[in-house]
Amino acid sequence: MSALISQTCLSEVLITSPNGMLGLPFLTRKKGFTAKVYATKAASRIGQLMMEDLVYMHKEFRQFYGPESDEPIWMKWDRLEMLPLELKKTVFGADGTDFGCWMPLYSAADVKACMLKVKSLNYAEEICYNGIVIAKPLPSGLEIGSCNWRINGPRGNIAYISNFSSLNALEQVGNDEDRSGLANYLSNSSSADVNSETRSALLSTDEYLEEIDKLDFICSCSMDSIKAGGSILIPTGRLGIILQLLERFELHLTSENMKVPIFVISSVAEELMTFTSIIPEWLGQQCQDRLYSEKPSLFTHTEMLKDGRLYLFPAIHSVELLKIWQEPCIVFCPHWSLRLGPVTHLLRRWRGDQNSLLVIEEGVDANLVLLPFKPIAMKVLQCSFLSGMQLKKSLLLMKILQPKHVLFPEIFRRCVDTLKVSLSSSFYQENETLHIPHTEDSSRLHIDMDLARQIKYTKFEEQNVDISRLKGKLTVEHGRYKAVR
């Protein structure tokens, strides 16, 4: 989630992915919130379903353990002092200042009120804010509904790229020799020097193939566990990842001639899967080719549902689920924190089975999230599902585009400094205001022909400037200054 900030108030919020929606109700329920919120229709709908699922799981938790008081027991100071070190860091933050940021989860009413403030945009639809800023979402290729934003204004244009792979940034550019060669290339060549080989590298599908390799590795490890009699548990709410893994699991199970039931357990599972059939513009080329072919369905999961190889259930205690439950099996369910939803029950069931496998995302502290389930004999596979654009490729892209100024996340400072990138740049971090220099010394002014005929220039030789008196009305319309009579 990103935002355009004025000197006095939050004026515009741009959502870059469905996951960016999850924290939005905390913002929109604040008293006096008046900002405009924009998201693609796909991100808006998927994000809403993810929020509703989170609220449902929290409601279920409260029903099981009882409602919380205004100050939960675990947040009382005497209890906090007894927490393990890792949990203390989570609660207080590394510098001990984050405790005041904790707040109750939003409600179903908060989600509904939040969505009323979101303007959903079609694929590549332009919006004009106050006649000054024009924003346009373009697909980032990272997830269904995820986008990059192109923002145009009278004093300059901004491109916001969201499909960036932020993990291990320095390692992405290879070894010392590779980094040295890239640094020399970036420093000594101009945009005109970029050869066809480099341009081909920018258009390569390396990131996609890397992502498929990761998914195939997960499937390979899963097949080994299933052969040993174990089950597979994948706690994730990312629709794109679920769809991709279902495709790969189907290929691996078919090649191994294995029949194993796959369950997706979520209060919004059916709605999420149904939604995929009405957003073909956000799908990859392979799925789009299927759409215009004679194949009966866009996704493998549609055929799997018909054939009884895939099952969707709203809750783990569903009567129909209990009737057909079979192990070993593959289960997709929320929540990645391992604190809410079906995953908590399934972990307690399988944690002692050394043949079963738990798949969690990188960036999650495995030791911390698994604390309530220890001792655990279950295998744990931690991996990064999404690749995104690598830093090396993004820097080559910058060399071609030649932007006036580039903003990098603070995490990339060391890498950018190491490569001696010869671009005007700044580094931003969370909760810090950053002043961006103007990309143009002056703004363009469109003048009506009738008004332009009145212009009579006087030349100032010393300053080499032509000036003229002009009487008219100055307006800003669709991101452009305009002078009319």
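Guide: We will go from the sheet to the helices beside it and then to a single cysteine.

Guide: This is a predicted model, in which local features need pLDDT of at least 70 and side-chain atom pairs count only at pLDDT 80 or more, while totals for chains, interfaces and linings use all residues. Residues are numbered from 1 along each chain as its sequence is written, and side-chain values use heavy atoms, with hydrogens and water left out.

Visitor: In what order do the six strands of the open sheet lie?

Guide: Strands of a sheet pair through backbone hydrogen bonds, either parallel or antiparallel. Strands here (E, at least two residues) and helices (H or I, at least four) are DSSP runs numbered from the N terminus, and two strands pair if DSSP finds at least two bridges between them. In this model the order is β11-β10-β12-β9-β13-β14, with parallel pairing. Because β11 (310-313) and β14 (379-383) each have a single partner strand, one side of each is left without a neighbour in the sheet. As an example of pairing, β10 and β12 are joined in the parallel sense over three bridges, and F263 has V331 in β12 as its bridge partner.

Visitor: Which strands does α14 lie across?

Guide: Angles run from 0 to 180 degrees between N-to-C directions, with axes fitted as lines to C-alpha atoms, for helices over the stretch in contact. Helix α14 lies across β9, β10, β12 and β13, at about 150° to β9. Its buried residues (buried being under 20% relative accessible area, exposed over 50%, partly exposed in between, with a 1.4 Å probe and protein chains only) are P342, V343, T344, L346, L347 and W350. Another helix, α9, lies across β9, β10, β11 and β12, running at about 175° to β12.

Visitor: At roughly what angle do the axes of α9 and α12 cross?

Guide: The axes of α9 (residues 239-255) and α12 (residues 300-307) come within 9 Å and cross at roughly 65°. Here L243, L246, E247 and E250 in α9 meet T300, H301 and M304 in α12, contact meaning heavy atoms within 4.5 Å.

Visitor: Is C329 buried or exposed?

Guide: C329 has a relative accessible area of 0%, so this residue is buried. Its place is in the loop between α13 (319-324) and β12 (330-333). Leaving aside residues up to four places away in sequence, C329 touches S231, I232, V260, P261, F263 and W350. The C-alpha atoms of C329 and V260 are separated by 5.6 Å, although these residues are 69 residues apart along the chain.
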